[in-house]
Structure formats: C-alpha cells, structure tokens
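Please keep the sequence and the model in view while going through them.

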Amino acid sequence: MSELKPPSEWRRLLLKVSGEALMGDSAFGISQPTLQRISSEIVAVVNSGREVGLVIGGGNFLRGANLALTAVDRVAGDQMGMLATVMNAVAVAAQLRALGTEAVVLSAIDVPVICDRFTHRGAIQHMAEGRVVLFAAGTGHPFFTTDTAAVLRAVEMECDVLLKGTQVDGVYTADPNRDPTATRYDRVGHQEALSKNLGVMDAAAIALARDNGLPIVVFSIQDTGALPKVVRGEGTSTIVAD
Ligand code: UDP
C-alpha cells in the first residue's frame with residue numbers, strides 16, 4: 001500500500017469530505033444543490049467501477065472542541081460532533097440512493113434505529129456487493145477527528161488511496177488564502193507534511209497514514225467535477241506519499 005498506484009489501478013478508495021463542504025454558500029447545515037453535486041460526483045466514481053467508502057465530517061453542524069469552551073465538556077461536545085457526522089452520512093446516503101446508487105451507513109457508535117454498527121466484515125461485504133459505505137461517527141471516540149477516522153477506515157479496508165476533498169486544490173507551503181506567495185506541492189512525504197505542519201490533516205491522522213504507508217491525494221471538492229477528474233488521474237491535486 002505504500003506506493004501510490006496509478007489511478008486506473010485504484011480498485012477501492014476512501015473519500016473524506018469535511019462537513020463544511022456540504023454547506024455550499026450557507027453558513028450552517030446542508031445545502032441541497034451542494035449535496036446533490038457531490039453525490040453525483042461520487043456516483044460517477046462508483047460507475048467507473050471502483051469500490052467507494054466515504055467518511056464525512058460534522059463541522060457544518062458543530063465541532064466538539066469549540067463547544068468545550070462553554071458549559072458542555074469536551075467529551076459531551078465530541079459526542080455531539082459524532083452525532084453530527086451521522087446526520088451528514090444519512091443525508092448523503094439518502095441522496096446517493098435517490099440518484100440510483102446503493103449506499104449504506106455504518107456507524108462507529110450504536111444508533112440502531114438509524115443504521116447498522118460498523119464491523120470490518122460487514123463493511124467489506126457491502127463494498128464487494130457494490131454499495132457505497134458511509135463510515136459515520138468518526139472513530140467512535142472523543143478527542144479524535146474524522147480525518148483520523150478516514151485514515152483508520154482506509155487502512156482497515158485496505159483502500160488503495162485516501163482522497164481528501166478540501167476547500168483548496170492541494171497542499172500549499174502556506175495558507176494560499178492568506179499568503180499570495182504560497183505554492184502548491186505536487187507531491188510531499190508524510191513526514192515532511194508532519195514536520196512542516198502543512199495542515200494536510202491533523203498530526204494523528206498523518207502519523208497513522210505514514211505508519212501504514214497510506215497514500216493521500218488532496219484535491220478541492222469545491223471545484224465541480226474535481227473528484228471524478230482525480231480518479232481519472234486528471235486535474236490539480238497534491239499527492240502525500242513517501
Ligand atoms: N469527532 C469525535 N471523534 C471522532 C470524529 C469526530 O469526537 O473520531 C467529533 C469532534 O467533536 C469533531 C466533530 O465530531 O469536531 C466533527 O468532526 P470533524 O471536526 O472531523 O469534522 P470536519 O471538520 O471534517 O467537518
């Protein structure tokens with residue numbers, strides 16, 4: 001898994017989308033046109049013959065660390081954050097089904113009325129049967145992020161690559177929205193991304209990817225069509241791999 005295969009050889013992939021990506025132009029929650037656009041791009045990837053897993057964040061509803069400043073303690077805040085990711089997963093799964101693609105939500109915490117609990121064998125079976133698997137509730141533990149959950153699931157599911165859809169089209173030397181001299185890396189090692197604090201993902205997530213040789217491709221989920229392009233080996237992105 002340590003070498004990034006050419007995109008035509010990606011058989012199973014894990015897509016991470018932040019909750020914020022679902023907001024579109026709204027300040028909170030889910031924008032229907034954005035939900036529909038991202039879902040149809042996922043459908044295009046499924047129709048190209050890949051097995052697709054999906055981890056969605058919850059930042060469009062809330063982040064536990066922000067709530068921890070109030071009367072809600074960090075653990076309670078993170079539990080609420082995990083529930084926010086379940087809401088997003090339920091929304092994307094429903095939209096995928098409406099577009100004619102089978103999808104199933106598997107949660108790291110028990111929410112039995114809404115979805116099944118994540119098990120490795122269950123997830124493998126769903127993917128092999130052609131369903132998009134939405135891994136909800138992150139790792140199921142507070143003090144983690146959905147980035148770490150995405151790396152964990154990608155490694156567990158033996159995905160060929162983790163595709164991280166962000167607000168910018170790759171990893172930059174500095175924040176391109178603040179520093180006009182910032183330049184984009186075509187490729188950067190896990191260790192370099194970690195030691196230079198390049199903001200690809202949180203440190204726990206990158207370290208887990210590094211230790212398990214998981215390649216990550218960072219691209220902009222904001223750009224219409226960027227996801228299917230990345231899967232065709234086109235467009236702009238940064239490869240994070242050693
Ligand atoms: N969260 C958690 N454990 C996990 C994943 C997520 O406690 O394994 C909580 C945490 O409060 C986090 C929130 O869920 O702030 C939403 O996830 P995240 O911030 O990763 O979402 P994103 O920024 O990708 O939208």
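1. In which helix is Asp78 found? In this predicted model, Asp78 belongs to helix α3. Asp78 has a relative accessible area of 8%, and because buried means under 20%, Asp78 counts as buried.

2. Asp78 takes part in a salt bridge with Arg74, where the closest N and O atoms are 2.9 Å apart. Helix α3 comprises residues 74-98, and since the two partners are 4 residues apart within it, about one helical turn separates Arg74 from Asp78. Arg74 is partly exposed, with 29% relative accessibility, whereas Asp78 is buried at 8%.

3. Beyond its neighbours within four places in sequence, Asp78 is in contact with Gly64, Ala65, Pro142 and Phe143. Pro142 sits in the loop between β5 and α5 and is partly exposed, with a relative accessible area of 24%. Apart from residues up to four places away in sequence, Pro142 touches Val75 and Met82 as well as Asp78.

4. Both Asp78 and Pro142 carry the UniProt feature "binding site", which comes from an unreviewed entry. The record also places this feature at Gly58, Thr139, Gly140, His141, Phe143, Phe144, Thr145 and Thr146. Although these positions span 89 residues in sequence, no two of their C-alpha atoms are more than 14.1 Å apart, and they therefore gather at one spot. From this set, Gly58, Asp78, Thr139, His141, Phe144, Thr145 and Thr146 belong to the lining of the largest pocket.

5. One of the salt bridges joins Glu51 to Arg12, with 2.8 Å between the closest N and O atoms. This pair links distant parts of the chain, as Glu51 lies in strand β2 (residues 51-56) and Arg12 in strand β1 (residues 12-17), 39 residues apart. Glu51 is buried at 18% relative accessibility, and Arg12 is buried at 8%.

6. Glu102 and Arg131 also meet through their side chains in a salt bridge (3.0 Å, N to O). Glu102 is in the loop between α3 and β3, and Arg131 is in the loop between α4 and β5, so the pair ties together parts 29 residues apart in sequence. Glu102 is partly exposed, with a relative accessible area of 46%, while Arg131 is buried at 19%.

How values were computed. Residues are numbered from 1 along each chain as its sequence is written. This is a predicted model: local features need pLDDT of at least 70, side-chain atom pairs count only at pLDDT 80 or more; totals for chains, interfaces and linings use all residues. Side-chain values use heavy atoms; hydrogens and water are left out. A salt bridge is a side-chain nitrogen of Lys or Arg within 4 Å of a carboxyl oxygen of Asp or Glu. Helices (H or I, at least four residues) and strands (E, at least two) are DSSP runs, numbered from the N terminus. Buried means under 20% relative accessible area, exposed over 50%, partly exposed in between (1.4 Å probe, protein chains only). UniProt positions are given in the numbering used here, feature names are shortened, and annotations may be inferred rather than shown by experiment. On a 1 Å grid over the protein atoms alone, a cavity is a set of points where a 1.4 Å probe fits but cannot get out, and a pocket is an open set with protein on both sides within 12 Å along at least five of seven lines; lining residues have an atom within 4 Å of a point. Contact means heavy atoms within 4.5 Å.
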